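Me: Please examine the following model with me. I shall ask for the grounds behind each term that is applied.

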Amino acid sequence: MNKFINLRLDKYFVFILTIALFASCSDIDDRDFEDERYLTESHAAAINEAGGTIGLQALDGAILSYLRDGENGAGSTDEFGLKAVDLGMDLRGNDMDMSRNTWFGAYNNYDNVILTSNDNDFIWEFFYKVINNANGIINTIPDTSPEETLVFKYKSHAYRAIAYFYLIRIYQHTRADDSTEAIPIDFGDFVGQPNSTVGQVKQQIIDDLLIAYNGLDGYARASKQEVDASVVAAYLARYYLTYENWVEAERFADIAMSVGSIESDVTHGYDELSLSEVIWGSEVTEATSEVYASFFSHMSQINDGYSGWNHFKTVNSNLYDMIPATDKRLAWFADQQYGPGVILVPDTWGHYNITPKYTSLKFISQPGPGVFIGDYIYLRNTEFYLTKAEALARQNKDSEAQQVLYDLNSVRDDSYTLSTNTGQDLIDEILMYRRIELWGDGVASFDMARLGVGLNRKDGRENLVMPGADLDIAPMDARMIFQIPIREIDAAN
């Protein structure tokens with residue numbers, strides 16, 4: 001049980017009972033949720049008892065809003081919700097570097113794993129708040145409720161599972177034995193509990209995901225901002241791939257990869273939920289944009305945010321060199337150094353600074369200067385082509401794995417031919433394309449952990465590396481995971 005979060009519950013959860021009870025009946029994708037923050041469990045119960053689903057829509061919207069925004073202006077510039085965590089985790093990997101020590105620098109040089117780090121506090125609080133508020137919905141909806149009410153309970157099981165899945169991989173080694181002490185499990189009963197084991201947390205995650213998947217089967221969501229069975233299938237695929245259940249990883253990856261189609265154009269910036277390969281994300285508007293405290297401020301080189309101001313995010317040049325010359329994904333990174341004032345995308349900001357070779361151009365927020373309204377994409381179907389291909393290859397189904405890999409790569413590269421690799425060579429090819437395709441999507445360091453790969457930035461890369469971040473760390477080193485924050489330890493004695 002997370003005592004620190006519960007002790008501070010009222011300070012952080014804003015009372016919005018009036019908003020919840022009188023919210024518009026319009027579809028969820030038509031509402032911004034910017035004012036729909038968090039409730040205590042008693043407020044959740046009051047809304048549920050009021051009848052109907054309008055209040056539950058507001059509570060569900062509050063969780064979606066929090067996943068998008070974090071503290072919504074109250075936090076630091078690098079604490080803007082789920083995408084901030086994804087970016088921070090990628091900066092702990094082998095394939096994304098920074099040019100200088102600024103926001104997110106402590107992720108890049110591993111300074112924030114200590115128990116007194118602000119980033120550490122943010123991650124812990126962020127996910128336990130999601131868990132607490134998911135509990136508030138789960139615990140106030142009886143299993144005998146009408147189906148239109150139970151939908152919100154199933155969604156909350158998904159939110160809780162997603163939060164625990166992040167936490168268990170951030171605060172404990174992915175390859176740790178199931179008996180290893182891990183993190184607290186909070187069911188919302190405000191009763192202090194000791195840290196659970198890795199195995200107990202994993203069981204909680206899979207229980208929640210399966211409840212959510214089965215419960216949401218047949219549910220038709222109004223927009224890609226909502227969780228439905230396809231979103232849960234994606235997380236089930238991630239879970240089973242992480243813990244090497246190849247059969248189930250293949251099964252659920254097949255469901256997730258079937259959402260939409262693969263985009264033939266890779267230079268659109270990955271800033272719109274309308275893209276066909278998006279499974280789940282969050283719309284960002286002028287009203288909800290957190291401007292400089294946003295993903296695109298830190299990642300979009302064409303905007304006047306932190307990236308454009310010379311806080312460049314670059315790809316490991318060794319990975320860049322692995323991308324075939326005919327592959328469209330090469331356009332995700334600057335092919336040379338561009339001088340001051342060079343406009344990289346028509347009708348966007350004329351830079352007053354350079355754009356070094358290898359700088360990220362994958363994430364572009366339109367329309368340009370001072371505007372950061374790119375949508376946040378949490379899941380894309382292409383990830384699950386690669387998940388299915390790997391799961392098949394791990395089962396020695398080489399021809400099937402080759403075909404799935406071809407189905408993806410032939411769209412990205414007109415010259416790609418069906419792989420003739422088999423066995424470990426085929427697995428290695430799939431993993432290489434995971435590194436390329438999913439660069440910047442928040443999966444790189446988690447893949448390193450599940451594969452037992454350490455950090456090695458002394459590999460002769462030519463791109464910009466932040467001073468002090470040229471590290472070499474073994475896979476099971478203590479620095480590869482975060483320590484439980486000191487305030488949580490103090491609160492639990």
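Me: What does Phe127 touch, and what makes this a contact?
Reply: Leaving aside residues up to four places away in sequence, Phe127 touches Leu82, Val85, Ala163, Tyr166, Leu167 and Ile170. Contact means heavy atoms within 4.5 Å. The model is a predicted one, in which local features need pLDDT of at least 70 and side-chain atom pairs count only at pLDDT 80 or more, while totals for chains, interfaces and linings use all residues. Residues are numbered from 1 along each chain as its sequence is written, and side-chain values use heavy atoms, without hydrogens and water.

Me: Which residues have the most contacts inside the largest nonpolar core, and why is it called a nonpolar core?
Reply: Phe127, Ile170 and Trp280 have the most contacts inside this core of 129 residues. Helix α9 (residues 147-170) gives the most to it, with 15 residues. The name applies because a nonpolar core is a set of buried Ala, Val, Leu, Ile, Met, Phe, Trp, Tyr and Cys residues joined through side-chain atoms within 4.5 Å.

Me: How do you know whether Tyr358 is buried or exposed?
Reply: Its relative accessible area is 5%, so Tyr358 is buried; buried means under 20%, exposed over 50% and partly exposed in between, with a 1.4 Å probe and protein chains only. Phi of Tyr358 is near 80°, a positive value in a residue other than glycine.

Me: What makes Asn396 buried or exposed?
Reply: Asn396 is exposed because its relative accessible area is 65%. Its phi is near 65°, also positive in a residue other than glycine. Most residues other than glycine have a negative phi.

Methods:
Helices (H or I, at least four residues) and strands (E, at least two) are DSSP runs, numbered from the N terminus.
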